Structure formats: structure tokens, C-alpha cells
Amino acid sequence: MDPFLAIKPLLEPLSLPLLDKKKVRASVLRLDLLHPLVSGNKWFKLRYYLTDALAQHKKRVITFGGAWSNHLLATAAACQELGLRTAACIRGERPAKLSATLDQAQSLGMELYFLTREQYRHKSIPESLTTEDDYLIQEGGIGALGVKGAATILDTVDKEQYSHILCAAGTGTTLAGLINAAPPTCEVIGIPVLSDTTDIDATLREQLQDRTACWQLQPGYEWGGYAKHPAALLNFMNELFAQSHIPTDIVYTGKLFYACLALVEKDHFDTGSQLLLVHSGGLQGNRSLSPDVLCFT
Ligand SMILES: *Cc1c(COP(=O)(O)O)cnc(C)c1O
């Protein structure tokens with residue numbers, strides 16, 4: 001079941017003067033081009049949950065997310081194509097005006113439930129809102145089936161040729177999948193997008209298959225925390241787009257590309273290294289900005 005896997009090649013070389021100067025080669029796995037709404041790593045994280053939901057004859061998928069959540073929009077769009085209903089639990093009171101992302105998810109049939117902060121924190125869905133026909137997916141697709149799906153990201157490339165694979169890490173689900181699927185000669189580097197890496201640490205502790213796998217986290221590129229976007233980050237994203245035509249987002253991939261180039265600059269990678277940057281897609285965070293801030297959409 002893979003209605004969203006594009007046939008077109010998703011891999012493209014990244015060519016920037018800094019990479020030439022340091023004799024480091026980089027390719028970008030453009031998962032952002034997979035599907036307009038089921039973008040990036042989200043399809044991979046969802047695929048086995050949705051197979052499971054269909055196999056269990058569930059009628060509706062219920063999950064969690066924020067106002068600009070790539071996960072909610074991807075879930076709404078993927079489930080609509082698969083004939084599953086969807087519902088989302090969102091923290092806080094229903095705002096007078098829905099975010100563009102929630103509005104779009106709702107137009108794809110997603111029912112929106114606004115939970116109190118307390119309910120949200122415990123991820124407890126009030127009984128009145130759910131039935132046994134519901135299939136629950138944790139926020140960000142966290143869990144074993146999410147990791148298993150994320151591992152299949154590397155089925156789309158010839159993974160043996162890379163010395164390093166880099167990705168942004170929110171819950172760490174994608175990172176764990178990549179570590180499980182990477183060849184032993186390849187180091188996987190996660191760039192945390194939050195200052196608090198509790199979720200990432202827990203995911204890695206629970207989900208890594210091989211304790212000796214080669215990976216590391218490179219913290220220090222959070223730009224103040226989740227969805228924080230100082231002008232310097234926005235400038236970097238605009239410049240990257242001008243040079244490479246690669247759109248990035250303020251929450252995840254802007255930080256990934258920035259961190260990668262900062263590590264190249266610091267000679268973190270040996271001459272001759274072959275990097276694979278996993279562009280994990282999802283540009284919803286950019287919709288929270290005023291329209292004139294980025295030179296691309
Ligand atoms: C959700 C998301 C991530 C984070 O993935 P995790 O598996 O939670 O670490 C990274 N990049 C983009 C674009 C995302 O939407």
C-alpha cells in the first residue's frame with residue numbers, strides 16, 4: 001500500500017561553494033516532493049499504522065497535534081484517500097479563527113477536538129469523544145510502527161554510498177528509523193529542534209535495534225526552541241532557496257540545513273565525505289509567518 005510514493009527521483013545533489021571548498025559531497029532526499037499534503041517523513045511514519053487500522057477494520061483515526069502540525073494535515077489527507085475518517089485532538093480552546101493548517105485539515109473531513117491543557121498533557125481523550133471504532137495514533141507517530149515505517153525512507157536510495165545521513169529530530173521517530181536502516185559504515189546524525197531532548201532520548205532508548213549502531217545527536221541548532229525563528233534563520237532559509245531552490249521550514253528543515261552547513265564549516269566531516277540530508281518535508285510551520293518574510297512558499 002503505497003499510494004504516495006512518487007515515481008520521480010527524489011534525490012538531488014546539493015551544490016554550494018562551501019561544500020566544494022571543503023571537498024564534501026551532499027545529496028538531498030527531497031521527501032518534500034512526495035505529495036502536496038502527505039509530505040515528507042509523515043507518510044513513512046503513518047504507513048504501517050494506517051495498514052494496521054484498515055486490517056483491524058477501524059473506521060476512524062484519531063491523533064494529536066498543534067495548530068501548524070504537518071502530522072495532522074498528512075493524517076487528514078492520507079486517511080481521506082484511504083477511506084478512513086479522522087479526528088484530531090488539539091491543545092487549548094478553539095480559537096476564534098482556525099489556523100490555515102487546521103482549516104485545511106477540517107476541510108479534508110478531520111473533526112477537531114480542543115482539549116484542556118491537562119487532558120492534552122496526559123494524551124487522554126474524553127470517553128464521550130471516542131468509540132471502539134477509533135484507531136489511536138500518538139502525536140508525531142511516535143511508537144514502534146512509526147519507527148518501522150521511517151526505516152523504509154532509506155529504501156528509496158542507494159544507502160551504501162553515504163558516509164553520513166542527517167535529519168531533523170522532533171520526537172526522534174524518524175531518526176530511530178534511519179539509524180535502524182542505515183548500513184553499519186554510515187553515521188546517522190540527528191539535529192534536535194527542541195532544547196529538551198527527553199522525547200528523542202526515550203525514543204532512541206526504546207526503539208534502536210542495534211546498540212552498537214553509529215549515530216549521534218548534534219544539539220545547539222535549536223534557535224531558541226521549537227518553532228522559534230530569529231531573523232538570521234529566516235535569512236539563511238531565503239539564501240538557501242536562492243542558491244539551491246530548496247524550500248525549508250522554520251521548525252525542522254531550516255535548522256537541519258543550517259546545522260549541516262555549520263558542521264561542514266567546522267570541518268566536522270572528513271574530506272571526501274558523502275552526506276545524505278533527509279529533507280523531511282512539511283512546510284506548515286511557515287504558514288504561521290506573515291507572507292512577506294520568506295521568498296518562497
Ligand atoms: C514531524 C517532522 C519532523 C520530526 O520528525 P520526528 O520523527 O518527530 O523526529 C521533521 N521534519 C519535518 C518536516 C516534520 O514535519
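Which residues point one way from β3, and which the other way? Arg60, Ile62 and Phe64 point one way, Val61, Thr63 and Gly65 point the other way, and all are buried. Buried means under 20% relative accessible area, exposed means over 50%, and partly exposed lies in between (1.4 Å probe, protein chains only).

This is a predicted model, in which local features need pLDDT of at least 70, side-chain atom pairs count only at pLDDT 80 or more, and totals for chains, interfaces and linings use all residues. Residues are numbered from 1 along each chain as its sequence is written, and side-chain values use heavy atoms, with hydrogens and water left out.

Start with the sheet around β3. Helices (H or I, at least four residues) and strands (E, at least two) are DSSP runs, numbered from the N terminus. Two strands pair if DSSP finds at least two bridges between them. Four strands form an open sheet, in the order β5-β4-β3-β6. The pairing is parallel. The edges belong to β5 (111-115) and β6 (134-137). Each has a single partner strand, so one side of each is left without a neighbour in the sheet. From one strand to the next, the twist averages 25°.

Now look at the pairings. Six bridges join β3 to β4, and the two run parallel. Across this pairing, Thr63 stands opposite Ala88 in β4. Strand β4 (residues 85-91) is also joined to β5, by five bridges, and these strands run parallel too. There, Ile90 has Phe114 of β5 as its bridge partner. As for cover, β3 is mostly covered: six of its six residues are buried.

A helix lies across this sheet. Helix α3 (residues 70-82) lies across β3 (60-65), β4 and β6. It runs at about 165° to β3. Axes here are lines fitted to C-alpha atoms, for helices over the stretch in contact, and angles run from 0 to 180 degrees between N-to-C directions. Contact means heavy atoms within 4.5 Å.

Next comes the ligand. A residue is near a molecule or strand if one of its heavy atoms lies within 4 Å of it. There are 14 residues around the ligand, and Lys42, Asn70, Thr171, Thr174 and Ser280 come nearest. Polar contacts are pairs of N or O atoms within 3.5 Å; within protein, one must be able to donate a hydrogen and the other to accept it, and residues adjacent in sequence count only if both atoms are side-chain atoms. An N or O atom in the side chain of Thr171 is 2.6 Å from an oxygen atom of the ligand. For the side chain of Asn41, the distance from an N or O atom to a ligand oxygen is 3.1 Å. Thr173 uses its backbone: a polar atom there is 3.4 Å from an oxygen atom of the ligand. The protein covers 97% of the 380 Å² of accessible area that the ligand has on its own. Such areas come from the Shrake-Rupley method with a 1.4 Å probe; for residues, only the protein chains shown count as cover.

Asn70, one of the nearest residues to the ligand, is also in contact with Gln284. Gln284 sits in the segment after β10 (274-279). Leaving aside neighbours within four places in sequence, Gln284 also contacts Trp68, Ser69, Leu73 and Thr101. Its relative accessibility is 11%, so Gln284 counts as buried.

Turn to the loop between α6 (144-151) and β7 (164-169), where Lys159 is found. Thr156 lies in this loop as well. Lys159 has 24% relative accessibility, so it counts as partly exposed. Thr156, at 34%, counts as partly exposed too. Not counting residues up to four places away in sequence, Lys159 touches Leu154, Ala181 and Pro183. Lys159 and Pro183 are 24 residues apart along the chain, yet their C-alpha atoms are separated by 7.1 Å. With the same exclusion, Thr156 touches Leu29 and Phe44. The side chain of Thr156 also reaches the backbone oxygen of Ile153, at 2.7 Å.

Finally, check two backbone angles. Most residues other than glycine have a negative phi. His57 is not a glycine, but has a positive phi of about 55°. His57 is found in the loop between α2 (41-55) and β3. At 62% relative accessibility, His57 counts as exposed. Ala227 also has a positive phi, of about 65°. Its place is the loop between β9 (215-217) and α9 (231-244). Ala227 is partly exposed, with a relative accessible area of 27%.
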